[in-house]
Amino acid sequence: MNCGFPKDFLWGVATASAQVEGAAFEDGKKATIWDAFCRLPGAIRDGNVMDVTCDQYHLYEKDIALMKELGVKSYRFSFSWARILPDGTGKVNEKGLDYYRRLIRCLKENGIVPNATMYHWDLPYALQLKGGWGNRDSVKWFTEYADVLLENFGRDIDLWVTFNEPIATWVGYGLGSFAPGLRDEKYARQALHNLLVSHGEAVKLFRAKKLANARLGIVVDVWKHYPARPGNNEDEAMALAANEIAGFGWFLHPLFLGGYSEELTEYMKKNGFTPEILEGDFATISQPVDFYGLNFYNGLYDNADEARRIRELEASGGNYQERPEQHPEAIYDVLHMLVEKYRIKVPIYVTENGYIQLDEDNGTKEDFLEDPERIAYLTEVIRSIRRAIADGIDVRGYYVWSLLDNFEWNAGYTMRYGLYHTDFGTLERTPKKSAGWYRNVIENNGLDV
Ligand code: NOJ
């Protein structure tokens, strides 16, 4: 049946090392910034650590069997830097490499295309002690790590991603709510600049290796903000700042258009946050990639009055926990923006899209297994992608976040994104309604029309 998706469309599921692997200190792996951050009192909503999570390190065959059950064509996962280079640089941990060899072999035996991310937020702690991403040496550290990955797995991975969602490093270095928990905007702007240069250097390295069939890209999440009241100056300014100064424009502009945007350049200058930029940095950052990975979760409407109300509520000790309005259809506009504003000409993969179930809305396991809201949300996203493809936008794949409930960063286990429910006590995986629904989508190559 042709449901509007290209014949070889890659339907997949996504996870990340720190969120699913567990085995945090096993077989030579050392601590990451997240292993350390989890241990700070109050850092993680439910006080949990990432030592076991879903234990995919031991249960990967089981998880690949679940993927087989879903019929997915591709699995997006990430390498743990500290499992491969426990000190960040220097001695390579053979046991770490061996784990990924087994994982990749098992995926291939099951006909599942590996899509692998080099960095999904879990910097080796040893490198944080040297300043982490804020240290310009991070470019060398990352290139050394990328070299180890490409030497060992270069030809086995079809789709390589250098970085997943650079913005997380802003949350970690600027806002303090992610690892390593720093609140220093000047340092954070430098860290993100170094990270972007590291990306560019990894692209150059990748090209030099001439790996037949392997392609490489980067994943930038787009939470596009719109003014809730178009024409209202305050709302317009809020949305612009959210997009350009602390959002996707910060990365997409230097990656695809060259240099930081005018708005961001002005802002950094005015506030003394301009990072040290070496000659040639922008050319390095904008090295052509083979594809772009879009993580899409929602479109947001900014209302300045509402924002004031929330700030006042929080200042008086209240807790703002409302689920924002859901705008799955915004992905259609986002895809157009990528092509029209950022002139992205390479194929696009939707590398993540998912729907949260919150602990406070759901009680028992049985409640979590019923997830019609997730099905409705993902359906609307897929429908919108199909419209964009019909307009001629080259979208080649779609990955649900996530295969299974896992460790949701500073929210710990209080937010569940999985198609499979994970019991974090017994590690049992149980399909939710959405798993059966997704199996159908894949089987039909899209939604029934
Ligand atoms: C973005 C991240 O890449 C992933 O790690 C996270 O769990 C999901 N989105 C959901 O927040």
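I began at the ligand and found a polar side-chain atom of Asn164 at 2.8 Å from one of the ligand's oxygen atoms. I count such a pair as a polar contact, meaning N or O atoms within 3.5 Å; within protein, one must be able to donate a hydrogen and the other to accept it, and residues adjacent in sequence count only if both atoms are side-chain atoms. The ligand, taken alone, exposes 300 Å², and the protein buries 92% of that (Shrake-Rupley method, 1.4 Å probe; for residues, only the protein chains shown count as cover).

I noted that this is a predicted model, in which local features need pLDDT of at least 70 and side-chain atom pairs count only at pLDDT 80 or more, while totals for chains, interfaces and linings use all residues. Residues are numbered from 1 along each chain as its sequence is written, and side-chain values use heavy atoms, with hydrogens and water left out.

I looked up two further ligand contacts. An N or O atom in the side chain of His120 is 2.8 Å from a ligand oxygen, and one in the side chain of Tyr297 is 3.2 Å from a ligand nitrogen.

I then listed the residues around the ligand (a heavy atom within 4 Å of it); among them are Gln19, Glu165, Glu352, Trp401 and Trp409. By class, I have five nonpolar, four polar and three charged residues in this shell (Ala, Val, Leu, Ile, Met, Phe, Trp, Tyr, Cys and Pro are nonpolar; Asp, Glu, Lys and Arg are charged; the others, Gly among them, are polar).

Next I checked Trp409, which sits in the loop between β11 and β12 (helices are DSSP runs of H or I with at least four residues, strands runs of E with at least two, numbered from the N terminus). Trp409 is not a glycine, yet its phi is positive, about 45°. Trp409 counts as buried because its relative accessibility is 3% (buried is under 20% relative accessible area, exposed over 50%, partly exposed in between; 1.4 Å probe, protein chains only).

In the loop between β11 (395-401) and β12 (415-416) I also found Ser402. The peptide bond from Trp401 to Ser402 is cis, with omega near 15°.

Last, I turned to helix α5, residues 94-109. Its buried residues include Leu97, Tyr100, Ile104 and Leu107. In an α-helix there are 3.6 residues a turn, so residues three or four places apart point the same way. After α5 comes Gly111, with a positive phi near 70°.

How values were computed: The expected span of a helix is 1.5 Å times one less than its number of residues.
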